[in-house]
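The sequence and structure come first.

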Amino acid sequence: MRKCDWRRWCARPSKNKAKNTKAVTLPASKQVMAIFERRRDAAPDTLHVFGDSKRYDPRKSLLKLRKALGSDLTYHDCRRTFLQLAENQEVPTGFIKKLANHTDSRDVTAAHYTNQSDAEALRPYTQRISDQIDRLGHLENPDLAARDALESLKKAIEGIEEFEQFAPAADRLKRIMTELA
C-alpha cells in the first residue's frame with residue numbers, strides 16, 4: 001500500500017466541492033498538523049487521515065464529545081464557534097469569509113480584487129485561532145506559553161518606557177527579548 005505524504009495532502013484542495021461549488025484550500029495550524037502526524041503514526045500504512053476502518057470514523061469522536069458534554073453538538077456548531085473565535089481574535093472580516101468559504105457574488109471587491117487563492121495569507125490567522133482554542137481549553141502548549149510570556153514581557157516594557165528614568169532598563173529588556181524570540 002502506498003504511503004501518504006501528509007504535508008502534501010494537507011495542502012491539496014478537496015475533490016469534493018462546498019455548497020457554493022468553490023473548492024477551498026486552507027492552511028493547517030501547528031496543532032492540526034500535530035493531529036495529522038499522530039494519526040499517521042497510529043496507522044502508517046493507510047492513505048486516509050483517519051484510517052480506512054470505522055474505528056477511525058470522525059463521527060465517533062463527535063458522538064463521544066456529545067456524550068461528555070451532555071449536549072447535541074453538531075459540526076455546524078463547531079464551525080460557528082471557530083468563526084466566532086476568529087472574530088474575537090480580530091481576524092479581518094475578509095479573511096473570516098475565506099476561512100468559512102463564504103462568497104458573495106455582489107461583493108465586486110472580493111470577487112475581482114482580493115487574492116482568493118492564497119491560503120498562506122490565512123496561516124497566521126488559523127494559528128491565532130488554534131492558539132486561542134488551546135488557551136480556552138487550558139491545553140498544555142509550551143510553544144504557546146513561551147509566546148504568551150514574551151507578549152506579556154513586551155507589554156510590560158511598553159509600560160515602563162513611559163518613565164524616562166527606566167528607559168535604559170527598557171532598552172536592555174528589549175535586547176534580551178529579541179534574543180529570546
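## Helix 7

Helix 7 has 14 residues and reaches 20 Å from its first C-alpha to its last, close to the 20 Å expected at 1.5 Å a residue (1.5 Å times one less than the number of residues). Helices here are DSSP runs of H or I, at least four residues, numbered from the N terminus. His-138, with a positive phi near 55°, follows helix 7.

The model is predicted, so local features need pLDDT of at least 70 and side-chain atom pairs pLDDT 80 or more, while totals for chains, interfaces and linings use all residues. Residues are numbered from 1 along each chain as its sequence is written, and side-chain values use heavy atoms, without hydrogens and water.

## Buried face and core

Buried residues (under 20% relative accessible area, 1.4 Å probe, protein chains only) of helix 7 include Tyr-125, Ile-129 and Asp-134. Their cover includes helix 2 (30-42), helix 4 (75-88), helix 5 (93-100) and helix 8 (142-161).

Tyr-125 and Ile-129 belong to the largest nonpolar core, 10 residues in all (buried Ala, Val, Leu, Ile, Met, Phe, Trp, Tyr and Cys joined through side-chain atoms within 4.5 Å). Helix 4, helix 5 and helix 7 each give two or more residues to this core.

## Asp-134

Asp-134 lies in helix 7 (residues 123-136). Asp-134 is buried yet has no salt bridge, and the nearest side chain of opposite charge, Arg-147, is 7.1 Å away. A salt bridge requires a side-chain nitrogen of Lys or Arg within 4 Å of a carboxyl oxygen of Asp or Glu.

Key: Buried means under 20% relative accessible area, exposed over 50%, partly exposed in between (1.4 Å probe, protein chains only). Lys and Arg count as positive and Asp and Glu as negative; His and the chain ends are not counted. Contact means heavy atoms within 4.5 Å.
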